[in-house]
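Here is a friendly walk through one protein structure, told part by part. Have the model open beside you as you read.

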Amino acid sequence: VGTKLPRVGTTIFTVMSALAQEHDAVNLGQGFPDFDCDPKLVDCVAEAMRAGHNQYPPMPGVPALRDAIARKIGALYDHRYDPGLEITVTAGATQGILTAILAVVRPGDEVIVLEPCYDSYEPNIELAGGKAVFVPLGRDGEPGSFRPDFERIAAAITPRTRALLVNTPHNPSASVWTREDMHALAELLRPTDIVVIADEVYEHMVYDGQAHESVARHPELAARSFIVSSFGKTYHVTGWKVGYVAAPAPLSAEFRKVHQFNVFTVNTPVQHALARYMADPAPYLELPAFYQHKRDLFRDGLGRTRFRLLPSEGSYFQCVDYSAISDRSEVEFCRWLTTEIGVAAIPLSVFYAGGREQRVVRFCFAKKDETLRSALQRLAQL
Ligand code: PMP
Ligand code: GLN
């Protein structure tokens, strides 16, 4: 068969999880919690099912859930989305990103992608017939930084640029955008009609007292943005695959045209459960402290090895430079770490379209403290 995506194979997350299982390694590769969600959330799903919420919901999502999402965004980021017209519930952030891209990108359009980046972006753009234009994160004179360089981004803009993807907090680098970054982006885009797709799935995981800079906080950006988030990350239920997209009415209308013939709707009882569970903001307000504890525990342990720690300002990832430990390529180092040391990680090179060797790998610390301790025990020999 002729393939539409010749460069795409099995994702590194699947490959590393399988290798970790085969070698009985502690899996700090693929990003997902190894602990369970709040049992109250499970009760909410069971109750929704018993109450008969088992048929198709309205196409854009259960109204009570869209209301709860609009209230949350209003309270946290001071921007009011109309839940009737501007919020759509999706099958995880993955579908939200693909659908947003399919809704706005036409064949021949360019989409600016800052790399390293999440692995679904480029194939999504290709499926829409667009072309990903990669701009590396990082600034001259700031080694190891993954900050956006707006001069480089400006230089990538052409008359064909249709959209720009922003991801903060960032997977894999764990960096977060500042208010100044958002102002610089708003200024850069002002004379253009470029649409922003803001992947904010780690919005509730920002550390050291910093605030998450949602594009929703910046009216000029919000007016041209799709914001994508995921309940999987926030409520420790990555397998439920429910998220949402918030965007101004004209963008949401285009989004929904694609959404209704892409998935039409997503899981009804889970949407009812999430609507009820969201009434209490405590679970997401407590998330930064919950994960900061894990980040600190993990960093403390790694600080006693020859790994060099990169900053982890947000998300549930920690990147490390291993150049004092090994000369292997990142992929080879991750294989060796998994099979010989018993801890799985993800090479940073796979988040670059052309691959790029920096001797940096990513660990995920969304794990029980005992899992992190057992990984640290194995890594202590390095
Ligand atoms: N974007 C980023 C940056 C992610 O890390 C992930 C989760 N791996 C997703 C999108 C996809 O989220 P979901 O599981 O809700 O589809
Ligand atoms: N988002 C997760 C990660 O970056 C995994 C997602 C996946 O397995 N596709 O590790």
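## An open sheet

Strand β12 is joined to β13 (residues 360–364) by two bridges, and these strands run antiparallel. Across this pair, I346 stands opposite R362 in β13. Strands here are DSSP E runs of at least two residues, and helices are H or I runs of at least four, numbered from the N terminus; two strands pair if DSSP finds at least two bridges between them.

This is a predicted model, in which local features need pLDDT of at least 70 and side-chain atom pairs count only at pLDDT 80 or more, while totals for chains, interfaces and linings use all residues. Residues are numbered from 1 along each chain as its sequence is written, with chains lettered from A and ligands numbered from 1 in the order in which they are written.

Stepping back, the open sheet has four strands, ordered β9-β10-β13-β12, with antiparallel pairing. At its edges stand β9 (308–309) and β12 (346–347), each with a single partner strand, so one side of each is left without a neighbour in the sheet.

The protein chain is assigned domain 1 (12–30 + 286–379) and domain 2 (52–283), with bounds from an automatic or database domain assignment. Their C-alpha centres lie 26 Å apart. The contact takes 23 residues from domain 1 and 25 residues from domain 2.

On the side of domain 1 that touches domain 2, α13 (287–302) and β10 (317–321) are the elements that give two or more residues. The most come from α13, with five residues. By class, that side of domain 1 has 14 nonpolar, five polar and four charged residues. Here Ala, Val, Leu, Ile, Met, Phe, Trp, Tyr, Cys and Pro count as nonpolar, Asp, Glu, Lys and Arg as charged, and the others, Gly among them, as polar.

Note on methods: Contact = placed C-beta atoms within 7 Å.
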